[in-house]
Amino acid sequence: MSPPPGIKLIRNREWNIQTYRYIVLLITFIAYVCYHASRKPTGIVKSILCPDPTHTNKTIYHGWAPFNGPDGVSKLGEIDLAFLACYSLGMYVAGHLGDSLDLRLFLTMGMIGSGIFVGVFGMGYFWNVHEFWFYLTMQMIAGLFQATGWPSVVAVIGNWFGKRKRGLIMGIWNAHTSVGNISGSLLAASVLDYGWGWSFVLLGGLIMLGGFLVFFFLPAYPEDVGFSFINGDEEAQIVKSGVGVGGVGGVEGERERERQKRCESGGRGKSIGLVEACMIPGVITFALCLFFAKLVAYTFLYWLPFYLTQTEIGGKYMSVKSAGNLSTLFDVGGIFGGILAGYMSDKLSARAITAATFMYASIPAMLLYRSYGSVSMHANIGLMIVSGLFVNGPYALITTAVSADLGTHSSLKGDSRALATVTAIIDGTGSVGAAIGPLLTGFLSTRGWDDVFMMLVLGAFIAGLLLSPLILTEISERTSKTMTNGRPQNPGAAASQPLLQEER
């Protein structure tokens with residue numbers, strides 16, 4: 001348990017807990033910006049690898065074998081499936097490893113490995129490779145490395161922040177997903193004129209640089225920089241321990257005994273298995289909901305630029321570069337959606353109600369975008385932002401605040417920590433949907449985009465419906481609390497009221 005080498009180098013005096021929290025938020029934010037940015041090139045170059053012969057733009061692309069044949073769109077869908085299938089399967093393993101290994105080193109390895117194989121995919125352009133198996137293999141390996149990211153960053157945040165205002169903090173922090181999509185789209189599109197391979201090489205290099213940043217500067221655990229996390233999750237329970245910083249002191253009584261227990265076991269707490277994590281109330285329900293929520297969100301992520309090049313907007317078709325830039329506005333809406341969903345869920349103390357409300361609201365938003373998005377550029381932009389807000393809002397909430405809540409659930413006894421494992425179960429299940437959505441889009445789009453949007457509407461509806469049991473539970477809890485608060489209290493009940501308030 002020692003500070004990261006970069007922290008050792010730049011720290012000339014002891015820092016307080018808030019300083020480290022800001023550092024953790026910033027570095028994990030940058031790290032996942034890099035992860036998401038490195039996934040964008042495949043969506044941006046689709047129209048170059050498999051151009052639409054029915055219309056032309058200012059720049060003529062002849063395609064790239066093996067994707068420029070009549071089955072090119074289907075092959076692109078298979079590439080997406082290969083990446084996301086390996087990503088979702090790798091997530092279950094990565095979550096358990098993240099709870100067992102040093103998160104800083106694990107995250108560094110994943111980012112550097114991702115960068116290498118994203119870059120090698122792009123090198124197919126420079127090496128003049130036209131074999132489908134090459135691109136399929138590179139995507140599969142990249143997907144396995146990418147699986148290290150999400151369980152790790154959520155676990156790090158959960159180590160440093162308690163449940164109080166977790167929805168709002170993580171809603172703001174989760175903007176990294178949209179910022180990564182936006183920056184990845186802009187960077188990938190900016191080098192298209194030099195050859196599509198540069199889009200992958202540039203973004204692969206970016207995530208590798210992010211990996212070095214994590215290695216040198218991310219304090220993954222409070223214990224690494226001299227703080228001890230004492231069996232709970234409120235700010236008052238992260239205390240100075242003198243571990244790893246050569247400090248003095250410690251804490252008295254029970255807190256000191258708890259700290260010593262954690263230090264004897266490596267300072268991390270013990271990880272739990274997948275089956276135990278699945279038994280935590282709410283994990284399976286939210287995992288199934290995310291399956292359909294990510295099916296919708298990732299269809300937009302991978303296919304929106306391609307859709308824009310194939311759709312007349314105000315009577316004109318867009319170039320590949322312009323479509324890539326315009327598609328970033330969906331993620332602009334997603335930033336606001338994640339923050340709004342987090343804020344609402346904190347205020348209402350109702351994660352399921354908030355997530356379901358957003359999923360149901362996304363249905364009319366997507367139908368309006370399909371029907372009226374082609375009327376004019378202004379209509380397309382406005383409806384795209386609104387769709388992004390409602391589609392990405394619940395996706396952001398479930399993968400951040402909900403996962404962290406469940407990973408520190410009261411049903412976990414003692415020092416067991418399940419943050420990375422629970423995050424992996426929920427997001428891994430969601431990523432199966434993320435793989436299926438783009439794959440089905442590759443086939444359905446050949447019949448017409450109306451079929452694609454009907455698939456998205458159905459997915460959003462099922463996602464909201466799956467949360468019904470949890471919604472009823474939240475309503476029941478709120479009703480019982482309201483009734484309890486309205487009753488006359490005896491002196492004993494009055495004495496216990498501060499405890500009730502604190503629980504909230």
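## The model and its overall make-up

Residues are numbered from 1 along each chain as its sequence is written. The model is predicted, so local features need pLDDT of at least 70 and side-chain atom pairs count only at pLDDT 80 or more, while totals for chains, interfaces and linings use all residues; side-chain values use heavy atoms, with hydrogens and water left out.

The protein chain has 21 helices and two strands. Both kinds of element are DSSP runs numbered from the N terminus: helices are H or I with at least four residues, strands are E with at least two. The chain has 504 residues, and 55% of them count as buried. Buried means under 20% relative accessible area, exposed means over 50%, and partly exposed lies in between (1.4 Å probe, protein chains only).

Contact means heavy atoms within 4.5 Å. Take the contacts between residues at least 6 apart in sequence: 79% of them join residues at least 24 apart.

## Helix 2 and its two partners

Helix 2 (residues 17-37) packs with helix 7 (residues 149-160) at an angle of about 165°. Their axes are 10 Å apart. Axes are lines fitted to C-alpha atoms, for helices over the stretch in contact, and angles run from 0 to 180 degrees between N-to-C directions. Helix 2 is therefore roughly antiparallel to helix 7. The cut-offs are these: under 35 degrees is roughly parallel, over 145 roughly antiparallel, 65 to 115 roughly perpendicular, and the rest oblique. The crossing of helix 2 and helix 7 is left-handed. That term applies if the near helix is turned anticlockwise from the far one by less than a right angle; clockwise makes a crossing right-handed. From helix 2, the residues in contact include Ile-17, Tyr-20, Arg-21 and Val-24; from helix 7, they include Trp-150, Val-153 and Trp-160. By class, this contact has 11 nonpolar, two polar and one charged residues. Ala, Val, Leu, Ile, Met, Phe, Trp, Tyr, Cys and Pro count as nonpolar; Asp, Glu, Lys and Arg count as charged; the others, Gly among them, count as polar.

Helix 2 also packs with helix 10 (residues 197-217), at about 160° and with axes 8 Å apart. This pair is roughly antiparallel too. The crossing is left-handed. Among the residues in contact are Ile-23, Ile-27 and Ala-31 of helix 2, and Leu-203, Leu-206 and Gly-210 of helix 10. The class count is 13 nonpolar, one polar and no charged residues.

## Helix 3 against helix 13

The axes of helix 3 (residues 41-49) and helix 13 (residues 283-309) come within 7 Å. They cross at roughly 30°. That makes the two helices roughly parallel. Their crossing is right-handed. Thr-42, Gly-43, Ile-44, Lys-46 and Ser-47 in helix 3 meet Tyr-302, Trp-303, Pro-305, Phe-306 and Thr-309 in helix 13. By class, the contact has five nonpolar, four polar and one charged residues.

## Salt bridges

Side chains of opposite charge can pair when their charged atoms come close. A salt bridge is a side-chain nitrogen of Lys or Arg within 4 Å of a carboxyl oxygen of Asp or Glu. By this rule there are six salt bridges.

One of them joins Lys-46 and Asp-80, at 3.0 Å from N to O. Lys-46 sits in helix 3 and Asp-80 in helix 4 (residues 72-100), 34 residues apart. Both Lys-46 and Asp-80 are buried. Another salt bridge pairs Asp-427 with Lys-294, again with the closest N and O atoms 3.0 Å apart. Asp-427 is in helix 18 (residues 419-444) and Lys-294 in helix 13, 133 residues apart. Asp-427 and Lys-294 are both buried.

Asp-346 and Arg-351 form a salt bridge, with their closest N and O atoms 3.0 Å apart. Asp-346 is partly exposed, at 22% relative accessible area. Arg-351 is buried, at 12%.

## Two single residues

His-36 lies in helix 2. At 2% relative accessibility, His-36 counts as buried. Beyond its neighbours within four places in sequence, His-36 is in contact with Thr-177, Gly-180, Asn-181, Tyr-298 and Tyr-395. The C-alpha atoms of His-36 and Thr-177 are separated by 6.1 Å, though these residues are 141 apart along the chain.

Leu-105 lies in helix 5 (residues 103-126). Leu-105 is partly exposed, with a relative accessible area of 43%. Its C-alpha atom is 9.9 Å from that of Phe-216, 111 residues away along the chain.
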